[in-house]
Amino acid sequence: MTAPTRTRTSADLIRAEEPVLAHNYHPLPVVVARAEGAWVEDVEGRRYLDLLAGYSALNFGHRHPALIEAAHAQLDRLTLTSRAFHNDRLASFAERLVELVGQDMMLPMNTGAEAVESGVKLARKWAYDVKGVPADRATIVVAADNFHGRTTTIVGFSTDESARAGFGPFTPGFRIVPYNDLAALEAAVDETTAAVLIEPIQGEAGVLIPDDGYLTGVRELTSRAGCLFVADEIQSGLGRTGRTLAVDHEDVVPDLVLLGKALGGGIVPVSAVVGRREVLGVLRPGEHGSTFGGNPLAAAVGCAVLDLLETGEFQLRATELGAVLREGLTDLVGRGVVGFRSRGLWAGVDIDPALGTGRDISERLMRAGILVKDTHGSTIRIAPPLTITEEELRGALASLEKVLTETAAG
Ligand SMILES: Cc1ncc(COP(=O)(O)O)c(C=O)c1O
C-alpha cells in the first residue's frame, strides 16, 4: 500500500514520481510543501529563498494576502460559468486590464501558450478580413531563440531543437529572423505579413535585452508595412522590468500584447490578449474560445492583481531592487560571473563555464538555501518575487558570491 503523503520524505516523494510522472521536466531535488512571500519550505522544514518566482508567475510572492483573500471570497460565491453565460466579475477585469495597458479590448484565456495561439489566430484573421491577404497566405515573422510556449504550432517556429524535434509536422506560415536585427526583420516583412511576434526581452534565451531603439524600430517598421506588432509580455510584463510592460521602456504601444503568468497572481492560470479594437474585433461568436477563459475566479484574482499593479509600488520596487541586483552582479563579474544582463528585478547571469553548468550551480545554490533555474549552458536566471526585501536580496547575492568562491576553490 502507498504510504500516506504526510509520512513521506522528500527523497520518498522524488522516487515516487519517477514511474508515474512524464519526464518532461528535470526539477531540482527539492520538494516544496509550504510557501509565503519570497520563501518556500520543503517537506522537512528547510527554508529556501525563491529567486525564480514561478518564471515570473509569482511576481507578488507566494500567497500575497490580498490575492489569497480575493480568491477565498470568490471561492465562496462562484467559480465557473463558462462563457455560455455572463458572470459578474469579467466586465470589471476587462475594463481595468485594457485601461492599465492602454488598449481597447481583451480576450481572456488561461495559459501563456493559449494567449500566444490566440494572438496568432487573431493576427491571421485580421490579415484576411482587414488587410486583404489572400486566403491561407498569411505569414508571421518571429525571432530566433524565441520562447512562446509548447503547443505544436508554437514549437514549430522555435529554433530550439529540444523543443521541436520529434513533434512535427508543424504549422506553416512563420518566418524566423535573428532577434535584435531590424534589417533582417525589414527584409522578411512583405505584403503577406500579418504580424511580427517578439518578446520585448527574451527570457528563456537568457534574459536577452535588445539594443535601445529596437522596439521603437519594430513599431515603426510594422506600422509602415501595414502589419501588426504583437508583443509577448507573458514573462516580461506586469512589473518585472520596473515598468508595467517591458515595451513601456521605449514608450511603444504594440497592436496586441500577450499577458499571462503574474496575471493569475500565482494562484490560477490567467492569460489574455489585449489590443486594438480593429484586431480583436475580427472575432465572431463560435470562432474562438476556452471553457475556463474568463472564469469568475480568474477574473476576481486578476482584479486583485490589477489592484496591486495600479498602485505602481511593484514597478518601483523592481526598479529600486533591480539597482541593488545590478550592483551585486557587477561586483561578481570576474569572480565566477563572466557577464550578465538585467532589467528591473530580472537577470540572466553567465557563470564561468569552468565552475560547472548552470545546473551544477543551481544545485549548489539550492544546498545554500537559494532556488534559481538554469537556462542554456552556464547561464542562470534570477527573477525574485517583486516583494523580496532589500535585505533578502543582499543575502541572496552574498550566498551566490559564497557558492561561486567555494566552487572555484574546489
Ligand atoms: C515569453 C513567454 N511566452 C509564453 C510562455 C508560455 O506560457 P505557459 O507556460 O503559461 O503556456 C512563456 C513561459 O515561460 C514565456 O516565457
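Me: Into which domains is the chain divided, and how far apart do their C-alpha centres lie?
Reply: This is a predicted model, and its chain is divided into domain 1, made of 5-63 together with 313-409, and domain 2, which covers 65-310. Between the C-alpha centres of domain 1 and domain 2 the distance is 27 Å.

Me: Which element gives the largest share of the side of domain 1 that touches domain 2?
Reply: The contact takes 28 residues from domain 1 and 23 residues from domain 2. On the side of domain 1, at least two residues each are supplied by α2 (53-56), α12 (313-332), β11 (337-342), β12 (347-351) and β15 (379-382). By class, that side divides into 11 nonpolar, 13 polar and four charged residues. The largest share, five residues, comes from α12.

Me: At what angle do helix α4 and helix α11 pack?
Reply: Leu90, Ser92, Phe93, Arg96, Leu97 and Leu100 in α4 meet Ala299, Gly302, Cys303, Leu306, Leu309 and Glu310 in α11, a contact with eight nonpolar, two polar and two charged residues. The crossing of α4 past α11 is left-handed. With their axes 9 Å apart, helix α4 (residues 90-101) and helix α11 (residues 296-310) pack at an angle of about 30 degrees.

Me: Which strands stand at the edges of the open sheet of four strands?
Reply: The strand order is β1-β2-β3-β13, with mixed pairing, and β2 (residues 39-42) runs antiparallel to β3 (residues 47-50), joined to β3 by three bridges. Each edge strand has a single partner strand, so one side of each is left without a neighbour in the sheet, and these strands are β1 (32-36) and β13 (370-371).

Notes:
Residues are numbered from 1 along each chain as its sequence is written. This is a predicted model: local features need pLDDT of at least 70, side-chain atom pairs count only at pLDDT 80 or more; totals for chains, interfaces and linings use all residues. Axes are lines fitted to C-alpha atoms, for helices over the stretch in contact, and angles run from 0 to 180 degrees between N-to-C directions. A crossing is left-handed if the near helix is turned anticlockwise from the far one by less than a right angle, and right-handed if clockwise. Two residues are in contact if their C-beta atoms, placed from the backbone, lie within 7 Å. Ala, Val, Leu, Ile, Met, Phe, Trp, Tyr, Cys and Pro count as nonpolar, Asp, Glu, Lys and Arg as charged, and the others, Gly among them, as polar. Two strands pair if DSSP finds at least two bridges between them. Domain bounds come from an automatic or database domain assignment.
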